[in-house]
Structures are given as C-alpha cells and as structure tokens.
Amino acid sequence: MYQVHPSSYIDDDVTIGDGTKIWHFCHVQRGAIIGENCSLGQNVNIGNNVKIGNGVRIQNNVSVYEGVELEDNVFCGPSCVFTNVLVPRAHFPVHGQYNKTLIKEGASLGANCTIVCGHTVGRGAMIAAGAVVTKDVPDFALMAGVPARQIGIVNERGEIVERVKSEK
C-alpha cells in the first residue's frame, strides 16, 4: 500500500511500490515505475516511463524527466535539475529521443544542482549544492562547482575520506 495526497495526480499505467509516500501537488506520468519506501516531496513531477528504485528520496520541486533512471536509495535535494535533451529547440522537437541519464545506487544530489543528460553519476557519489555535472561521475566521488569537478572521495555514509586536488 502507498500514500498519495489528494492534490496529486497519478496517471494510468503507473506502478508504485508499498510504503511510498507522494506529497502535495505531484504528478506521476504514464509508464512510470516507482519502487518501495520512496518519498516524493511537494511539487515533484515524474515523467513518462521513468524508473525509480527502492528507498529513493526526492525533495520538493524536482522534475525527473523521461530518460532519467534513479537506482535504489538515491537522494535528490530540493530543486535539483535533470535535463534529457542536449540541444533543446522549441522549433525542432526531439519526439521521444532522449539522452539517458543514470544515477546509481546511494548517490546524493545536492539542492539546486544540475545533472546534464547523457551522464552517469556513480554509486555513492555526492554532488554538492549548486554544482553542474557535465561528465560521468566516478563511484564515491565528491563533486562541486560549475562545471563540477571532483574535490574528494566519500564513504558510504557520505563522510569525506580523501581530498582530491582539483585540476585547473
């Protein structure tokens, strides 16, 4: 059994796992699969055919667009941003041809960070608030800045275990 606030919309052909809570003003679109024990904060949009693993926490004001996949235990901070088209042009729509983005198990995405499509964020990685990810991120990397650069290595708890000198 899952919970959905009455102000939210769940389209047909959606799968939602037991223990998941969907808060105010959310929209889960056709074909989406959401795992067990997830939490979708206020004003979250889950696009068509998006796959979300178990134990995922998506904070307020996040849109997870088609082409993005979140594995188990991913944390998406408030207002983090995903893209799914590298060259968006209103006059030349892509009609479902989206660049794939994968956020691997246990990764954490800070508030207001941006994940440019077509990349993988590694297992257990941490993306700092406001960072802009423009390339693949290794497992357990701590990334910060615009564009994001690796500044450290974290353990499974998110504790910094090593500082990395940033290349200029």
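Two strands pair if DSSP finds at least two bridges between them. Strands here are DSSP runs (E, at least two residues), numbered from the N terminus.

This is a predicted model, in which local features need pLDDT of at least 70, side-chain atom pairs count only at pLDDT 80 or more, and totals for chains, interfaces and linings use all residues. Residues are numbered from 1 along each chain as its sequence is written, and side-chain values use heavy atoms, with hydrogens and water left out.

**The parallel sheet.** An open sheet is built from 6 strands with parallel pairing, in the order β3-β6-β9-β12-β15-β18. Its edge strands, β3 (15–16) and β18 (120–121), each pair on one side only. Strand β15 runs parallel to β18 and is joined to β18 by 2 bridges.

**Thr101.** Strand β15 (residues 101–103) holds Thr101. A polar atom of the Thr101 side chain lies 3.1 Å from the backbone nitrogen of Gly118. Beyond four places in sequence, Thr101 is in contact (heavy atoms within 4.5 Å) with residues including Gly67, Thr83, Cys117, Gly118 and His119.

**The hairpin.** Strands β22 and β23 form a hairpin with 5 residues between them. Their pairing is antiparallel, over 3 bridges. In the turn, Gly158 has a positive phi of about 90°.

Residues that face each other across paired strands:

| Residue | Opposite residue | Strand of the opposite residue |
|---|---|---|
| Leu102 | Thr120 | β18 |

Key: Helix = DSSP H or I, 4+ residues; strand = E, 2+ residues; numbered from the N terminus. Polar contact = N/O pair within 3.5 Å; in protein donor to acceptor, adjacent residues only side chain to side chain.
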